[in-house]
Each structure stands twice: as structure tokens, then as C-alpha cells.
Amino acid sequence: MHRMTKGELRLGYMHDKQEYWEQFLKVGKETFTQYGRMLYMEKEEVWKVAADMFANITKQINAVVRELK
């Protein structure tokens, strides 16, 4: 969420340093990982917040997940 909000949202977790995000494909990998975590946890309210905040990314993730099923 930190990187997806361009640093505006800071939750106190690791990856706040710019060098981390400059690694090849890091933003995409982290985004997919976090969405996977939300799916695995099955917390509908978290998924709704993410879908509201990041509608386009959520649509893309949903399309990928449908293909993997």
C-alpha cells in the first residue's frame, strides 16, 4: 500500500526505503503478493477497501486469478 500510494500511506512496515522499490519488477511482484495474501485470508472487508482504493489493479488481479482457477 505504501508504494501504491506513492509513499503517502505509511503503515510502519519494512519496504519504506526507495532502494527496495528500484529493484526490477518489485512493485508488480509486491502488489500481486499482497493481493494474494488478501485472497488467502478471505477477509471480505479488506478486499472491498482495496477494490475501492485501487479499482484498476483489482480488476487486473481478478482476471489473473480467474485464469489460474
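Of the 69 residues in this chain, 20% count as buried. The model is a predicted one. The accessible surface of the chain comes to about 5,800 Å². Carbon and sulfur atoms account for 56% of that surface.

Now follow the fold. The chain has four helices and zero strands. Read along the sequence, the pattern is α-α-α-α. Look next at contacts between residues at least 6 apart in sequence: 30% of them join residues at least 24 apart.

Turn to the inside. The largest nonpolar core is built from six residues. They are Tyr35, Met38, Trp47, Ala50, Phe54 and Ile61. Helix H2 spans 26–41 and helix H3 spans 44–53, and each supplies at least two residues of this core.

Take Ala50, a member of that core. Set aside its neighbours within four places in sequence. Ala50 is then in contact with Tyr35, Met38, Ala55 and Thr58.

The structure holds one aromatic pair. Why is the pair of Tyr35 and Trp47 called edge-to-face? The ring centres are 5.3 Å apart and the planes stand at 90°, so the pair is edge-to-face. The cut-off for that label is an angle over 60 degrees. The pair links distant parts of the chain, with Tyr35 in helix H2 and Trp47 in helix H3. Are Tyr35 and Trp47 buried or exposed? Both Tyr35 and Trp47 are buried.

Technical notes
Residues numbered from 1 in each chain as written. Predicted model: local features only at pLDDT ≥ 70, side-chain atom pairs only at ≥ 80, totals over all residues. Heavy atoms only, no water. Core = buried A, V, L, I, M, F, W, Y, C linked by side-chain atoms within 4.5 Å. Buried < 20%, exposed > 50% of the residue type's maximum accessible area, 1.4 Å probe, protein only. Contact = heavy atoms within 4.5 Å. Areas by Shrake-Rupley, 256 points an atom, 1.4 Å probe, with all protein chains shown as cover. Phe/Tyr/Trp six-rings, centres within 6.5 Å; stacked < 30°, edge-to-face > 60°.
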